[in-house]
Amino acid sequence: MTDCYAYFVTRTKIRKGRLLSAQEMKALSLAPTYRDAVQFLVRKGFFEGETIEAMLSARRREMLDLIDEFTDIKDAFRIFRIKYDFHNLKTAIKAQISGHKGKDDYLDGGTVSAEVILDAVFQKRLEDLPRDLQQYAKTAQSILLRTRDAGQFDCYLDRALLRAIYQEGQASKIPYLKSYTENYVAVHDIKIAYRCCILKKSKEFIKRALAPCKSLATDQLAAQAAQDSKALCDYLVHTDYSAAAEAMRQSYCAFYRWCARRLSAPAEADKDETFGLSPIFAYLFFAEQEIREVRLILTLKQNHMPGELIAERMWR
């Protein structure tokens, strides 16, 4: 099996070499116009689509096609596919309420095809979905139909996604996935708490938004965030995420750079390994991160934000 992993690792290292470097990402952010930025990406191997999502969908497809080749270990990648299931479920339920399917809004790559989720929601056959997704779908649908509150609906499914990722990782026999999901959920909980603190949300609202994890006391995190940013920082300095408090005190952008760097830490540590699955997971993280960063840069370019201000928001 080690020999098999070595082959997979070699394949992903070749593909990782095609991702944008930190210097290239900075050059992209400093491109004079949106059109210049698109042309820069095309020269670096991106598909020239009519929209941002068309470009990024093609890039995502390259990543997914690669891991689809690894049929012997495909179950190990479920944890990276779950987010697409929840995105498609959220989109399908909102589309059902509005009566507009909006097929271009769905993403490939989930554990279930987007078509299956769309049909299950629109044909009222949620039992066609995997059992765990069924229950989330029923509850989310009930929330939106009962309250017509898209924020409450999003909050429920975002928390459900974090719980699903955490449960998948903690149940795994792969040590990397256990540590990855602990870090992933904790950082997202801190982001949620900080955002809720800024918006002055109640303790009860924040508690409903946070997903449990071992490295944070979410009840205390919610209580402190409901007070003010100082109280939130006072709690965080006594956790494994004390650097988040310092970043919060600096600026909003500094905090979000900390989040991105903290999320990347496991991948950075394992990217140069030769054996095992961790360097493959590292590639998937960096490929997804590239897509998120490029989307942000192109969106800001469309809105004519100066390159220097965009560069400040980059985590590398």
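Buried here means under 20% relative accessible area, exposed means over 50%, and partly exposed is in between (1.4 Å probe, protein chains only).

## Before we start

This is a predicted model, where local features need pLDDT of at least 70, side-chain atom pairs count only at pLDDT 80 or more, and totals for chains, interfaces and linings use all residues. Residues are numbered from 1 along each chain as its sequence is written, and side-chain values use heavy atoms, with hydrogens and water left out.

## A lysine tucked inside

Let's begin with Lys-301, which sits in helix α15 (residues 278–302). Helices are DSSP runs (H or I, at least four residues; strands are E, at least two), numbered from the N terminus. Is Lys-301 buried or exposed? Lys-301 has a relative accessible area of 5%, so it counts as buried.

Helix α8 covers residues 150–171, 22 residues in total, and reaches 31 Å from first C-alpha to last, close to the expected 32 Å. That expected span is 1.5 Å times one less than the number of residues. At the start of α8, a side-chain oxygen of Asp-149 comes to within 2.9 Å of the backbone nitrogen of Gly-151. Among the buried residues of α8 are Phe-153, Leu-157, Leu-161 and Ile-165, and its buried residues pack against α5 (78–98), α7 (131–147), α9 (175–198) and α10 (203–209).

As for α5, its 21 residues should span 30 Å, and its end C-alpha atoms are 30 Å apart, which agrees. Mostly, α5 is covered, with 16 of its 21 residues buried. Just after α5, Gly-99 takes a positive phi of about 85°.

## The largest pocket

On a 1 Å grid over the protein atoms alone, a cavity is a set of points where a 1.4 Å probe fits but cannot get out, and a pocket is an open set with protein on both sides within 12 Å along at least five of seven lines; lining residues have an atom within 4 Å of a point. Grid points are joined across faces, edges and corners, and a volume is the space filled by probe spheres set on the points.

The largest pocket has a volume of about 1700 Å³. Of its 47 lining residues, Tyr-184, His-188, Lys-191, Arg-195 and Arg-292 are the closest to its centre. Helix α8 provides the largest share of that lining, nine residues.

## The largest cavity

How many cavities of 30 Å³ or more does the structure hold? It holds three, and the largest has a volume of about 80 Å³. Its lining includes Arg-15, Arg-59, Glu-62, Tyr-283 and Glu-290.

How values were computed:
Contact means heavy atoms within 4.5 Å. A polar contact is a pair of N or O atoms within 3.5 Å; within protein, one must be able to donate a hydrogen and the other to accept it, and residues adjacent in sequence count only if both atoms are side-chain atoms.
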